[in-house]
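Open the model in your viewer and keep the sequence panel beside it. This tour goes from one selection to the next.

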Amino acid sequence: KAGGRVIVECPAKLAALLRTAPGVDQVIPSGTGRPPFDCHAPLGSLPRLCRTRLDHVPARVPYLRVEPDRRAAWGEKLRQFGRPRVGLVWRGNPQHAEDQRRSIDFPFLEPLGAVAGPVWFALDCRARPGPLGGAPVIGLGPETADFRDAAAAIEQMDLVISVDTALAHLAGALGRPVWLLAPYVPDWRWLTGREDSPWYPTLRLFRQREPGGWAGVVARVAASAREEFSKGAGEYRYA
């Protein structure tokens, strides 16, 4: 809007998805060479350069789009499972420096299996899910390794429950309801002392109340899910 032509350099696996973002004129996969440019900035520096404050964070969602053919394909693929559908993400990239603090072990999620109503899905392509108590968890497999397919699968979910990883941000950027499980000392973007996010209007935060306190977080998530889906599959809030 200030008059510049915006070129985004990003990992190759994100390139096609970021081409759907408004205001982006060109996307360059990392390592493929850059066209001429006049200035550059790391993405994380843009809030400072744009003088962004909490009361005017640009948070119009969705700002990423799913290709129509992928939307149709994933709609057909998941049609057989009915609704409501809840996508789960319990681990992030193991190479992330803070992964041990943000990822959780699958057994911690077992209280969710007692929530009546939802069909549970594992959204992470690396996940090897078992059942949640007596409730099966459907793995979507390696197809969601492509962020375009991950986005299409998330769009078919009525709720995403995720630790702090890329798929949580993707759900927020797509404008889907997402509940984020945050560690006691969170990433700076989640701020402190609040349950919402200025970046993603559809996101709700469930924070650890003590270091490592995932059991308490999941118990609160399960109680909230039970309330959300108590009316039955035909009347749940996330239609």
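Two rings of Phe, Tyr or Trp count as an aromatic pair if their centres lie within 6.5 Å; for Trp, the six-membered ring is used. Keep in mind that this is a predicted model.

**Stop 1: aromatic pairs**

How many aromatic pairs does a search of the whole structure find? The search gives 5.

Select phenylalanine 81 and phenylalanine 121. Their rings are 5.4 Å apart, centre to centre. Now find where each ring belongs. Phenylalanine 81 is in the loop between helix H3 (68-78) and strand E3 (85-89). Phenylalanine 121 is in strand E4 (residues 119-122). The pair therefore ties together parts that lie 40 residues apart in sequence.

Is phenylalanine 121 buried or exposed? Its relative accessibility is 0%, so phenylalanine 121 counts as buried. Phenylalanine 81 has 29% and counts as partly exposed, because that class runs between 20% and 50%.

Next, select tryptophan 188 and tryptophan 199. The ring centres are 6.1 Å apart and the planes stand at 90 degrees, so this pair is edge-to-face. Both tryptophan 188 and tryptophan 199 lie in the loop between strand E7 (178-182) and strand E8 (203-207). The parts they tie together are 11 residues apart in sequence. Tryptophan 188 is exposed, at 53% relative accessible area. Tryptophan 199, at 23%, is partly exposed.

**Stop 2: charges over rings**

Select lysine 77 and tryptophan 74. Lysine 77 lies over the face of tryptophan 74, 5.0 Å from the ring centre.

Then select arginine 204 and tryptophan 179. The charged end of arginine 204 sits over the tryptophan 179 ring, at 5.3 Å from its centre.

**Stop 3: serine 224**

Serine 224 is part of helix H7 (residues 214-228). Its relative accessibility is 10%, so serine 224 counts as buried.

Which residues does serine 224 contact, leaving aside neighbours within four places in sequence? They are Trp179, Arg204 and Phe206. Valine 115 is 109 residues from serine 224 in sequence, but their C-alpha atoms are 9.6 Å apart in space.

**Stop 4: a surface patch**

Finish with Leu43, Leu46 and Leu49. Together they form a nonpolar patch on the surface, with about 290 Å² of accessible area. Zoom in on leucine 43. Leucine 43 sits in the loop between strand E2 (26-29) and helix H2 (46-49). At 67% relative accessible area, leucine 43 is exposed.

Conventions
Residues numbered from 1 in each chain as written. Predicted model: local features only at pLDDT ≥ 70, side-chain atom pairs only at ≥ 80, totals over all residues. Heavy atoms only, no water. Patch = residues over 30% accessible without salt bridge, like charges linked within 9 Å, V, L, I, M, F, W, Y side chains within 5 Å. Areas by Shrake-Rupley, 256 points an atom, 1.4 Å probe, with all protein chains shown as cover. Salt bridge = Lys/Arg side-chain N within 4 Å of Asp/Glu carboxyl O. Helix = DSSP H or I, 4+ residues; strand = E, 2+ residues; numbered from the N terminus. Buried < 20%, exposed > 50% of the residue type's maximum accessible area, 1.4 Å probe, protein only. Phe/Tyr/Trp six-rings, centres within 6.5 Å; stacked < 30°, edge-to-face > 60°. Lys NZ or Arg CZ within 6 Å of the ring centre and 35° of its normal. Contact = heavy atoms within 4.5 Å.
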